[in-house]
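Subject: Structure handed over, with notes

Dear colleague,

Here is the structure you were waiting for. My notes follow below it; please read them with the model open.

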Amino acid sequence: RVGAVSAPGAQQSSAAARPPWGREVTLLFFSYPEGLILNSLSGMMVTRLIWLLVAGLAATPVNYLFVTSPQQGTVSVVKHAAGDPGIGTVTTLLEAPAVEAPMGVAVDVKRMRLFVSDLTKKNIYLLPLAHTAGRVTLANPNAKPRVAVEGVETRWLGVDPEGNLMYSEEVLNRIMFVPVAAFSSAGFLAGASVSGSMTTVFAEAPKAPGVSNPGDVAGDVRAVYWTNKLDGQTVGSVMRVENNTAPMAIARNADKVYGLAVTPTLAFFSDGNGDIFGSGKYGGSDAVLVTSAAASPRGLAYDGDGSIYVADKGGSVWSFPGGTRVARPWGNLTKVADVLDATGIAAMQMASAAWSAAVLQAFFIFWSSR
């Protein structure tokens with residue numbers, strides 16, 4: 001929030017200027033006995049400082065997309081400027097023999113942790129990430145992937161905002177939950193995988209309604225969501241559970257549903273016929289056909305800033321706007337990258353190098369003027 005600089009003891013205006021791109025910034029309102037530190041800056045310095053911060057805020061953030069290709073045996077990283085119609089750059093993050101058939105993928109942005117499931121090895125791996133010099137890499141590239149959960153056959157993973165891990169077991173017809181605390185437990189830190197006592201059956205058929213060969217899973221601060229790959233029009237195509245209540249179907253338009261991405265207001269999901277739908281994540285409205293432009297859409301990911309990314313097994317990664325309050329048809333998709341057998345996808349948004357440079361220069365101006 002940008003506020004006016006006033007004389008010591010004067011009341012600042014409560015008016016706030018909100019930049020058109022929707023972000024807010026606090027400008028160094030540090031109080032000293034002799035008055036605000038900004039009072040000691042020359043007009044030119046203040047102008048320069050504000051210009052640097054505004055320029056940094058205007059810089060486009062960068063999305064890093066983690067894409068699994070089970071037939072290729074790879075996990076790729078796509079670097080793509082948020083909202084940019086251009087093609088992103090693709091690098092290989094993980095490949096055989098470290099993984100054989102990577103499928104599910106989810107990212108804990110806060111803790112820089114990537115989770116990847118391997119259908120052949122029947123493990124879920126935890127991979128610490130590093131973000132340096134405009135690149136995202138493995139924090140320990142020469143280390144063997146760390147087994148987080150072993151002996152599980154899962155194709156879909158999710159991480160909620162608290163860092164809790166969720167995964168579906170289609171064969172066993174259940175949704176599993178692993179609390180974030182499990183990955184800082186003494187046993188895990190000593191090298192053991194998460195034990196059975198630290199995993200919870202969140203929902204399981206036939207005990208819980210709404211679980212029918214579950215597919216993708218997702219979570220927000222209030223609820224857990226999953227898709228069903230069998231009898232979705234009867235059981236529910238997309239399910240929602242909040243505060244241990246009974247599962248509620250928020251969509252029933254497709255029998256077989258794969259990927260899922262949840263925004264603050266909507267749930268987007270891909271079905272077995274090549275379509276992508278959107279529905280209010282609280283239910284109460286019919287699903288809307290968003291697009292049929294992808295060849296074989298599977299995983300979906302929300303970047304937290306208005307874009308939905310699509311992993312297309314036809315060999316592409318696409319995007320479309322998903323920051324609206326209601327689902328609407330978009331038709332065409334924007335191509336983001338070529339990735340063979342793109343199946344699972346997770347998104348992580350990071351500040352751009354321009355923003356980081358602007359903050360450093362602004363801090364230098366502030367510090368040198370003291």
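Phe269 and Phe277 are both buried. Keep in mind that this is a predicted model.

A word on how ring pairs are described: two aromatic rings are characterised by the distance of their centres and the angle of their planes. With centres within 6.5 Å as the condition for a pair, the count comes to five aromatic pairs. For Phe269 and Phe277, the ring centres are 5.8 Å apart and the planes meet at 20 degrees, so this pair is stacked; the cut-off for stacking is under 30 degrees.

Elsewhere, one aromatic cluster is formed by Phe115, Phe183 and Phe188. Phe188 also has a charged neighbour: Arg146 lies over the face of its ring, 3.8 Å from the ring centre. A further case of a charge over a ring involves Tyr258, where the charged end of Arg298 sits 4.0 Å from the centre of the ring.

Next, the sheet. Four strands make up an open sheet in the order β11-β12-β13-β14, and their pairing is antiparallel. At the edges are β11 (156-159) and β14 (200-204), each of which pairs on one side only. On average, neighbouring strands in this sheet are turned by 25 degrees against each other, ignoring direction.

Which strand pairs with β13 over four bridges? That is β14, in the antiparallel sense, with β13 covering residues 174-178. Within this pairing, Ile175 has Ala203 of β14 as its bridge partner.

Regards

Conventions. Residues are numbered from 1 along each chain as its sequence is written. This is a predicted model: local features need pLDDT of at least 70, side-chain atom pairs count only at pLDDT 80 or more; totals for chains, interfaces and linings use all residues. Side-chain values use heavy atoms; hydrogens and water are left out. Two strands pair if DSSP finds at least two bridges between them. Helices (H or I, at least four residues) and strands (E, at least two) are DSSP runs, numbered from the N terminus. Axes are lines fitted to C-alpha atoms, for helices over the stretch in contact, and angles run from 0 to 180 degrees between N-to-C directions. Rings of Phe, Tyr and Trp (its six-membered ring) pair if their centres lie within 6.5 Å; planes under 30 degrees apart count as stacked, over 60 as edge-to-face and the rest as tilted. Buried means under 20% relative accessible area, exposed over 50%, partly exposed in between (1.4 Å probe, protein chains only). A charge sits over a ring if NZ of Lys or CZ of Arg is within 6 Å of the ring centre and within 35 degrees of the ring normal.
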